[in-house]
Each structure stands twice: as C-alpha cells, then as structure tokens.
Amino acid sequence: KETMESFKYQADTAKLMELIINSIYSNKEIFLRELISNASDALQKIRFLSLLDASKLGSDTLDDLKIKIAFDSENRLITITDNGIGMTKNDLVNNIGRIAQSGSKQFLDKLHETGDLSGIIGQFGVGFYSVFLVSDSVTVISKHNDDPTQWIWRSDLKGVNETSYTISPDPRGNTLGRGTSIVLHISEDSELDPFLDQEELTDLVIKYSQFIDFPIYMYKYVWENVPIEKKPENDEKQPEKEPENEPVTDFEIEEDEPENLDQDEKIDEPETERIQMWKWVMMNPQKPIWIRNSKDISPDEYNSFFKMLSKKTEDPMTYIHFSAEGEAEFRSILYVPGSLPFGSVEQAMPHNNKIKLYVKRVFITDNFLDELLPTYLSFIMGVVDSDNLPLNLSREMLQKHRLLKLMKNKLTRKCLEMIRKIFQEDDDVKKSRFWSEFGTYIKGGIIEEKRPPFQNKLIDLVRFYSSKSEDKMVTLKEYAENMKEDQKAIYYIGGSRKEVVAQSPHIERLKEMDYEVLYLIDPIDEYCVLAIDKYNGTRFVDASKESLFASDEENKIIEELEEEYEDLISWFKMIILDKVDRVTISRRLKSSPCVISSKDYGVSANLERILKAQPL
Ligand code: ADP
Ligand code: MG
C-alpha cells in the first residue's frame, strides 16, 4: 500500500527557494502569471495529444478544457485548477521538486546580473517557484492519464525542515479526473492581503488571462437580478461547482442593468430582486489577439502581448499584424524585440520559443523557427495561426508540408516590410538602436539571402560610417547620391576601428579627390560588400588594393617612375622579397612614404585578419 514519502530538494533548488522566500522583490503578483501560464501549457499539451488520439480527453471535449481560480480569504487560500495533462508521480518528483540543472544555474547568474526576478523567472524553467513569493505552504494535487493514482505533493515552509517536500496518494481517490490543482496558503503578512481581496485578485487575473487561449473562470460573488419566486436557496460558497455552460462575463452583467426599459414591457417582467451570489465568471471572453481586428487593438495591448510571449518586461521596438490570403491562409503578429534576448548574439538560449505556430487556434509548436523564417530573421518573435494546415499530422510530416514554404515566404516579406518602416519613420534613436542590435543579422542576411527581391530590400537597409560621415552611418543610396561625377566605384576600407581606418594611408588620395570611402569595421562587413558585388551597377572597390587608379595615362607615368627608381626598387626587393610578392611604385600615396598592400585578386589585409581570427 502506498503511503507518504518525504523528499529533499536538491541543493540548487533549495538555494533558489531560499532566494525567493527571502526576496525583497516587490513584484510578487507574478506567481499568478506563472501558474496561469503553467496551466495553459498543460492544457496545450493535452489538446495537442488529443489531435492524434481523441480518447486522451476521456469524456471531455476540446471546449471543456479550462482553468479555474478560486480563493478563500478567511483561510487565506488561492486555488488554481486545470484539466490539462496532469502529472504522474515521477513528473511531480522531476518537474516540481527539481529544477533542470542548467536552468537554475543560468537563472541564478542572470538574477545576479540584472536583479530583475519578475522579468526572468519564467524564462529558465523555474516559474513554479514564484509561488514561494507569497505562500508558506503549497499543495499540488495532480492526476495524469498514465498514472492510476491521484497524488498530493506538499511543501510546507512552516515546518522544521524547509528543504523537503512530501508526496502521497490522495486519500479521496481520483477527484480531478485529469489535471492539476494547486492550492496556495498565502503567508500571514498584511502586505499579501490584497491577493485575497476579490477586486484586487480579479484585476490581476484579468491582467494575466488576456492572451491565454483557454477560458479562465474565477469563482466570485456577483450581484444578480433574480425573479423573486425562483430565488436560489443556497447562495453560499461552492468552490467545486462546475462553470455553467453559458459563461457570465463582467461585460454581460453590466448589460443586465435594467436602465432604459420601456414602461409597457416592464409590466410584463416578473418581479426581481437584486441578490449577491457566487458564480464562476469568465475572465477572458476576448478572442485571441491575433484573431481580432487590428483596428480594435491598442498599442498597449500589442505591447502586453509581446511581454507575455517574450516573458520580458521590455516593450518591443515595433510590430506588424496581418492576415494572409490565397493558398496559405494565416494570421500573424510579428515583433522586433527591444533588444537581443541576452544582450548579445544568442548565446544563452536556443532559437526556439520565438515563433509560436497555431493551426486554427490550436497551439502546435514553438520549435519551427527554421521552417517559418530564414536564419537572418531569427531575432523576430510572434505568433502564426494557419487556417489550412492539417491538424493531425506528425511533426515530421508537418515540417515538410508544402504550405509552410509559402508561409515562410510571406512571413519573410512581412518582416522586411516591418523593418523597412522603422527606417521610414523620423525616429533616429530607434533607427540606430535597431541597427546596433540587429544590423549584424541584416548583413548576414545579405550573404545568406539569394533571392534578389529580398536581398535588395536588405541591401537598402545596410549602412556604414564613412570618410565623409564619421558620426552618422550612410546608406548605399546616400553614398551613390554623393558620388563625384567622374567617380567609377564605391570605395571602402576595412579595419578594426573607425579611428584606425580614418588614418589609413590607403585612402589619402581618395580623400584628396573628395571621394567618399566607406569604413568597414564590423568583421562581417567585407563579406557583406563582396556579396552585394554591385550597387546600382557600380562596383565596390577595396581602397587597399594596389591597382586602384589604373588608367593608361597613369600606367605610363608609373612606368617612367619605375625606370627612374629602378635601383631603389631592386634594393628593396633584395632585403624584403621573402616577405612580399612584389615591390612597386605606389599610385596612391600622398604624404606617407610607403604602404604594404594586398594584391588585386587576393583577400584584403583586413579580411585576412578576420579569416585568421575565425575558429575553423
Ligand atoms: P516551465 O513552465 O518553464 O517548464 P515551471 O517551473 O513553471 O517551468 O514548471 C516546471 C514544470 O512543472 C513544467 O515544465 C511542467 O512539467 C510541470 N508543471 C507545472 N505546472 C503544471 C500543471 N499545472 N500541469 C502539469 N504540469 C505542470
Ligand atoms: Mg512555467
């Protein structure tokens, strides 16, 4: 016979809990966000499984999947129940009692770095532990299809041993059918009392329910008009009552106010009385945001949706909301984030979670980034909801589906449109922020993107500092407009820093001729101009290449000079020919006595430096 077992938290978990329990972070309400998001994840899992095998839902239909939130201020309890996938005993030990090793380590590092618990807790698989921001005792009751027993997991911080939890079979048997119920005992602390106040809790639940695709009900008292004869007898609390089929919404209740009723009609109405009663009230009657008409959605709503997707507190830089018609029908909201996820190019997190793919509003995967966007757009986040992808395909079949290719094309085009708009606006700060965060991606895109219509859009965005514009980057269009009448090429010089290339002897003569020279100081820049090859028919020329100014006339002068300085050249050759290919009269120098330069058909010195620095 199975009985109660005690478990110790792992060292890392215990450390994390201690940190959270003693945290001085003010934003304690995020526990609700994390629990609602876990319940929604669990519902998404069972909904997905049921697509391939409907029997997984038991007697439920897809419409029965929901989240229920109840509270009891007297006993300081908040209960969050879902009929999602549930947890087996093993799941409880592995997923609740333990944190994925890598997750907790990264989380603690990041917490030290930013001090922003609420902004990062959901990102490292430690969201559940936010319950300890507000509770001194937590009970998780769970029933999974694959485990005949309904289990009770319990962690009681009031006990002597703060670093253990227990798991026992539920003596009541299987009361949930399938799913999870999490009961929080809110710590005795007046600061936490608002979480037990109906109105305050309602506001919070609404705040964190908005973008969840499952109905969320809250058990609360409401004022209702009831016919006097049919007054219900028990108007007291019944937390286990099922939500009614027709959900009452706050909105509908307002409509019920009998304000402008016609006198004649009023006579026919039965006499009513206004009474207070407990009801399950739906908190998120809105359709998913991407289904709604963009005209009805405020920028604030778009920003909040982004924060929910990214689990960050930062606003996005911009977004686009559209629906695609034709062979591939889908709706999508795409965002350019405010910054790179971890401050630098994707070190900590893999590419997933960026784009959520839905089919007819059913969440399918957030692991299809490569199928939906080219690599150079992998910083974009958002949702895509297809109307005509088949629902019941295996992942492998879906991955190869022909419609995905069409969707990828359209999504790419829309991303580029959204980015182009940033550069059409008059917001210089935004432009330079975009470029400093994501410019490397765009330059990578010029190299990666082989389709001219897309590549050209990327080329339009690219910008560099130059000899005539050392503080503000110039686009190629601006460069072309600035070209001298006799100028035949777009000149560039590569190097590690602006200050260094600006002093380069290679560009002395170009500057004197009043030609603009682009400064390529990002390691990827030279690859990028090699990929562009020609801009509007004008080729790019490396200012450090030796035949920069070759013309018949010049060649003749050089020949004469070579004759004149023959002895000097032979002397140079004698002493350094093992280090260089050739010694010749320079065509470019003005004030510097000599320069070491690349051959016309070799890599430039700068590119050589970069290639050498690259791990093979
Ligand atoms: P994350 O959600 O990022 O995985 P959490 O700490 O929020 O991290 O949750 C840890 C794990 O606990 C989840 O991955 C899931 O396996 C399990 N879990 C939490 N809440 C539920 C729930 N309501 N139903 C089923 N499983 C859950
Ligand atoms: Mg979570």
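Helix 13 and helix 14 pass each other in a left-handed crossing, meaning that the near helix is turned anticlockwise from the far one by less than a right angle. This is a predicted model, in which local features need pLDDT of at least 70, side-chain atom pairs count only at pLDDT 80 or more, and totals for chains, interfaces and linings use all residues. Residues are numbered from 1 along each chain as its sequence is written, while chains are lettered from A and ligands numbered from 1 in the order in which they are written.

The axes of helix 13 (residues 428-448) and helix 14 (residues 452-461) come within 9 Å and cross at roughly 145°. Helices here are DSSP runs (H or I, at least four residues), strands likewise (E, at least two), numbered from the N terminus. Axes are lines fitted to C-alpha atoms, for helices over the stretch in contact, with angles from 0 to 180 degrees between N-to-C directions. Helix 13 brings Ile 442, Gly 445 and Ile 446 to the contact, and helix 14 brings Gln 455, Leu 458, Ile 459 and Leu 461 (contact: C-beta atoms, placed from the backbone, within 7 Å).

An open sheet of 5 strands runs in the order 11-12-15-13-14, with mixed pairing; two strands pair if DSSP finds at least two bridges between them. Strand 11 (318-324) and strand 14 (362-365) are the edge strands, each pairing on one side only. Neighbouring strands are turned by 20° against each other on average, direction ignored. Strand 12 (residues 330-336) pairs with strand 15 (residues 381-386) in the antiparallel sense over 6 bridges, and Leu 334 stands opposite Gly 382 in strand 15.

Notes: Two residues are in contact if their C-beta atoms, placed from the backbone, lie within 7 Å.
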